[in-house]
Amino acid sequence: MGQKTEFTKPIKELGYDPKSPDSILKHGELLIGKSLVSYLGSDENIDMARKGGLGAAVELYVFHLKPNNRPGPDFTEAGIELKTSPLKKVKNKLVSKERLVMNMIDFMHEELEDFNKSSFWKKNSRLLLIFYLYKKGQPKKKYEFKIVRLWDFPETDLKIIKDDWKTIVKMIASGKAHEITERGTTYLGACTKASNSTKTRPQPFACVPAKPRAYSLKSSYLNAIIDQSLAKKVEPAVKSLSEYNQDESFEDLVVRKFKAWYGTSQTEFASKFNLKSTKAKNFSYSVARRILGVDKKFIEEFQKADIELKTIRLLNNGRLKEAMSFKNIDYFNILKETWDDSVWREILSKRFFFVVFKEDMDGNSKLEKVFFWSMPDKDLESIKTVWMATKEKIANDDFSSFPKSSEHSIAHIRPKGRNSRDLTDAPSGRRVKKYCYWLNREYILKILNKNIV
DNA sequence: GCATGATCATGC
DNA sequence: GCATGATCATGC
């Protein structure tokens, strides 16, 4: 004991505070969505040949920890053990690829009475879990990190883990370390290490040597952590009822929060909120999240209520820059649909939150206003003709004369692919251009004018 | 590599 | 100045 964490850099150059769990976590979170190579900005000087694979590389290159085999946690002062573990994709879902191996069990010296004094608990009571997506054949340094989070065992889990631990040490105490199996426990396992070697270890109460084993968290337990972590992409815009003014609705409150920012330019938003580019396709959504004080990826209320945020850009002469596009038409799907259950009708039936930017005389786009909106029923129903005409053309394998904006006051159909060579299969088997749904410019302008209060 | 939100380019 | 074809930029 008494060993302290050692670093490969002076503390002040680490980029985080190794005494602070919060700072360690924030630093780790920089990995999300990146690989080691993209995190470091280059793959020069990454030596993956060392022992321990990606986990050791994360310790070294991300946290600048000196390799160690201390009995205590990696971040001694913060009491946090760093664990890096692989995920795999099964039916589009991320699951644990393997059990998470913790520390070796030293049969001769393991605590046999008090869980709190056990080697497992001394090292692993609090974890920084880093999950990455394993891909066969890809170099390890290119694996993408998906989840970074602190893990404290909830009380109710800990009860089960303590029972598992007792089961394991009882085997040692009764001279049966060589009979330990992984199946006998629930969350915490004792998995074999170096199982295909002939190496064995002595045990204290029997002459029979036992296979070397380590404490491990089972895949099923990790899967629960993974599910929980991935679902945590939402955060409510309203954290407490006290945020509401009297008689205010959720939408009123959202609009009120935005009003304080009217007149702010896109570049100002970008620098204020640390957004990389004003051209990111989720730029407006990112701005909205920040205005509403949401750190997570999605605004919970918007998700729950299926509110769709759309950006509208006005030119400085008050005209609309563009019509509004929606997603591409699925040529196979549309043939199976009726208007009432069609994808497009479903999209247009949503509640919308429009964020309007207006260009000033110098060409800077500034936040002009925001408002919630739903398409009136009569408009929705009038679009049925556009949809039917589109469906009919597709059924007739005619991809050259979709409804134009001059033919209907609300909507039209227009190409949208990566470029003109970006083709897709038509039901006829032919390769055709991708088209999508649009709301006419004039129609959007009309909505805007109605909502200028 | 593709889907998606957004924008550009050109001709009338 | 609009309609329409085409393409960009980015996230997943």
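Analyst: A nonpolar core is taken here as a set of buried Ala, Val, Leu, Ile, Met, Phe, Trp, Tyr and Cys residues joined through C-beta atoms within 7 Å, where buried requires 20 or more other C-beta atoms within 10 Å of a residue's own, with C-beta atoms placed from the backbone. The model is predicted, and local features need pLDDT of at least 70, side-chain atom pairs count only at pLDDT 80 or more, and totals for chains, interfaces and linings use all residues. Residues are numbered from 1 along each chain as its sequence is written, while chains are lettered from A and ligands numbered from 1 in the order in which they are written.

The largest nonpolar core has 46 residues, and Leu 129, Ile 130, Phe 131, Tyr 132 and Leu 217 have the most contacts inside it. Elements giving two or more residues to this core include β4 (126-133), β5 (144-152) and α5 (155-173), helices (H or I, at least four residues) and strands (E, at least two) being DSSP runs numbered from the N terminus. Leaving aside neighbours within four places in sequence, Tyr 132 is in contact (C-beta atoms, placed from the backbone, within 7 Å) with Leu 54, Thr 84, Pro 86, Leu 87, Tyr 143, Glu 144, Phe 145 and Lys 146. A second, separate core of 39 residues includes Val 254, Ile 291, Phe 354 and Val 370.

Conventions
A residue is buried if 20 or more other C-beta atoms lie within 10 Å of its own, exposed if 12 or fewer, and partly exposed in between; C-beta atoms are placed from the backbone. Two residues are in contact if their C-beta atoms, placed from the backbone, lie within 7 Å.
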